Amino acid sequence: MSNKPNYPIYIPTKGRVDHCLTADCLVEDGVPFKLVVEPQEEDAYKGKYGNEYILVLPFRDRGSVIPARNWIKDHATEAGHLRHWQLDDNIYKFYRFWKDKRVRCDADIALRTAEDFTDRYENIAISGLNYSMFMAASKPPFNLNCHVYSCTLMLNAIPNRFRGIYNEDTDMCLQVLADGWCTVLINAFTADKEVSMQARGGNTKELYHGDGRTKMARALERRWRGVVTVGKRYSRAQHVIRDGWKRF
């Protein structure tokens with residue numbers, strides 16, 4: 001049996017043709033994927049990765065990744081897929097977390113195992129892999145009904161859309177949980193990713209400059225009053241989910 005993922009993998013990316021870590025990782029591991037790029041960068045990305053890996057958006061410069069994420073969901077749905085992957089472009093390794101140890105594994109094994117687990121259930125809207133940096137000793141194999149970021153497997157049938165310009169992943173998880181679906185954060189396999197805001201490109205300048213972190217947190221707080229508050233983490237503004245997601 002092949003270990004290749006059953007569902008299509010999309011990587012929205014902008015301004016990182018020379019630093020698209022996820023694409024480099026998946027090429028090395030022989031995993032098929034599509035880079036979703038804006039038209040002005042089509043030639044640059046095709047020049048590095050080849051035509052077979054590229055999908056070109058019908059728009060550009062929308063100020064955030066959210067329009068691209070909705071376009072990806074529509075593309076996967078119209079192609080007839082039950083689910084699809086959306087991976088951030090700054091993932092560079094995958095691990096099996098086994099007996100409190102990180103064991104390097106190929107991306108296809110990690111992603112296919114997550115698919116097989118998710119497909120056992122009918123009520124999972126979003127699942128995905130935890131960050132390796134957040135793994136502590138004695139974590140359970142998965143956590144239910146919490147945030148799933150950066151390496152996500154989404155059910156195409158859900159009507160929910162990515163909204164606004166900030167914190168689209170948190171907002172999407174809150175949407176599906178409020179609608180009665182489940183989310184699953186998988187700890188048995190994890191992804192290593194570069195720290196946010198570290199790499200140039202993307203929409204970093206538009207979203208994070210000045211008091212961008214505070215604006216992001218406040219925007220989510222306004223949308224989810226009574227659920228989200230604004231606190232501080234690592235000496236910067238950060239949204240805080242009341243009761244740490246335990247209400248779901």
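I note here that the model is predicted: local features need pLDDT of at least 70, side-chain atom pairs count only at pLDDT 80 or more, and totals for chains, interfaces and linings use all residues. Residues are numbered from 1 along each chain as its sequence is written, and side-chain values use heavy atoms, with hydrogens and water left out.

For my own record, a cavity is a set of points on a 1 Å grid over the protein atoms alone where a 1.4 Å probe fits but cannot get out, and lining residues have an atom within 4 Å of a point. Grid points are joined across faces, edges and corners, and a volume is the space filled by probe spheres set on the points.

Which element gives the most to the lining of the largest cavity? I find that it is H5, with four residues. S9 and H5 each supply at least two residues. Helices (H or I, at least four residues) and strands (E, at least two) are DSSP runs, numbered from the N terminus. I sorted the lining by class and got seven nonpolar, three polar and four charged residues. In this sorting Ala, Val, Leu, Ile, Met, Phe, Trp, Tyr, Cys and Pro are nonpolar, Asp, Glu, Lys and Arg are charged, and the others, Gly among them, are polar.

The search of the whole structure finds two cavities of 30 Å³ or more.

I went back to Thr152, which lies in strand S9. Thr152 counts as buried because its relative accessibility is 10%; buried is under 20% relative accessible area, exposed over 50%, partly exposed in between (1.4 Å probe, protein chains only). Leaving out residues up to four places away in sequence, Thr152 touches His84, Trp85, Gln86, Ile126, Ser127 and Gly128, with contact meaning heavy atoms within 4.5 Å.

H5 spans residues 168-178 and has nine of its eleven residues buried. Among them are Glu168, Asp171 and Cys173. Gly180 follows H5 and has a positive phi near 95°.

Asp61 has a phi near 55° and sits in the loop between strand S3 (54-56) and helix H3 (66-78). Ser150 has a positive phi of about 75° and is in the loop between strand S8 (142-144) and strand S9 (151-155). Are these two residues buried or exposed? Asp61 is partly exposed, at 43% relative accessibility, whereas Ser150 is buried, at 6%.

**Cysteines**

I applied the disulfide rule, a pair of cysteine sulfur atoms within 2.5 Å, and the count is zero. For Cys20 the nearest cysteine sulfur, that of Cys25, is 11 Å away. Cys146 has its closest cysteine sulfur in Cys173, at 7.7 Å, so a bond is ruled out by distance. Cys20 is buried at 0% relative accessible area, and Cys146 is buried at 8%.

Technical notes: 1 Å grid on protein atoms, 1.4 Å probe; cavity = no way out; pocket = protein on both sides within 12 Å on 5 of 7 lines; lining within 4 Å.
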